[in-house]
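Let's take a friendly look at aromatic rings and at one helix. Please have the model open as you read.

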Amino acid sequence: MKKLILSIMALIMAFSVSAQKKVGDAVLPVSETFHGETVTLNGAGIREKLWIDLYAAGLYLNEKTSDATEILNGDKPMAIKLHIVSKLISSDKMVEAVTEGFEKSTNGNTAPIQKEIDTMLGFFKEDIKKNDVFDLVYLPAKGVVAYKNGEEKGIVKGKEFKKALFGIWLSNRPADDDLKESLLAQ
C-alpha cells in the first residue's frame with residue numbers, strides 16, 4: 001500500500017512539473033483558461049536589456065504556430081504573459097517601453113488607436129514589483145482583457161488594437177528579436 005501511495009505521489013509530482021515551464025527565474029504554466037477559453041503555451045523567452053533579465057514572456061495560442069503574421073491577423077483567443085523578474089522594472093519604465101512598442105508595431109501610426117493605447121497604459125500605472133504577472137488576453141467577443149496578478153484590470157476593444165499590442169513582441173520591429181523567436185518556437 002505504501003508503494004502505491006508513493007507511486008501516485010510521484011505521478012502527481014511529475015504531472016505538476018510538466019504542466020509548467022521554467023523560463024529564467026520564472027515558471028509559466030503550459031496552458032491557461034480565461035473566460036472559458038483555453039490557450040496553450042506556444043513559446044516563451046526572456047526580455048533582456050544590456051544583459052539584464054527584465055521579464056519572462058509566454059505566448060499562448062489555441063493552435064501552435066510559428067507564423068507571426070497569422071497570429072497578428074488572427075481573430076482567435078490568445079494571450080501574452082509577462083512575469084516581471086527584475087527590480088529595475090517600474091511603472092514609469094513599463095509605460096515608456098509599452099509606448100515605444102506601440103510606436104514600433106504600428107510604424108508610428110498610433111493615432112487611430114490612441115484612445116485604446118492610453119487605456120492599456122493605464123493598467124501599468126500601478127506600482128510594479130518583481131514577480132508581478134501581467135496577462136494580456138485577446139478574446140474575439142470581448143477584446144483584450146488585462147490582468148495583473150490574476151485580477152482583471154479592464155478591457156480594451158478592437159482587433160486593430162490587438163494587432164498592435166501583440167505586434168510589440170511579434171511585428172517586424174519587435175521589442176526584442178530573440179524574444180520574438182522564442183515566442184514563436186514550437
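Predicted model: local features only at pLDDT ≥ 70, side-chain atom pairs only at ≥ 80, totals over all residues.

Residues are numbered from 1 along each chain as its sequence is written, and side-chain values use heavy atoms, with hydrogens and water left out.

**Aromatic pairs**

Searching the whole structure gives three aromatic pairs. Rings of Phe, Tyr and Trp (its six-membered ring) pair if their centres lie within 6.5 Å; planes under 30 degrees apart are stacked, over 60 edge-to-face, and the rest tilted. Two of the pairs are these:

| Pair | Centre to centre | Angle of planes | Type |
|---|---|---|---|
| Phe34 and Tyr147 | 5.5 Å | 35 degrees | tilted |
| Phe102 and Phe161 | 5.6 Å | 35 degrees | tilted |

Phe34 in strand β3 and Tyr147 in strand β8 are 113 residues apart. Phe102 belongs to helix α3 and Phe161 to helix α5, 59 residues apart. Helices (H or I, at least four residues) and strands (E, at least two) are DSSP runs, numbered from the N terminus. Phe34 and Tyr147 are both buried, as are Phe102 and Phe161. Buried means under 20% relative accessible area, exposed over 50%, and partly exposed in between (1.4 Å probe, protein chains only).

**Helix α3**

The buried residues of α3 include Met94, Val98 and Phe102. On the face turned away from the buried side, α3 carries the exposed residues Asp92 and Glu96. Just after α3, Asn107 has a positive phi of about 55 degrees.
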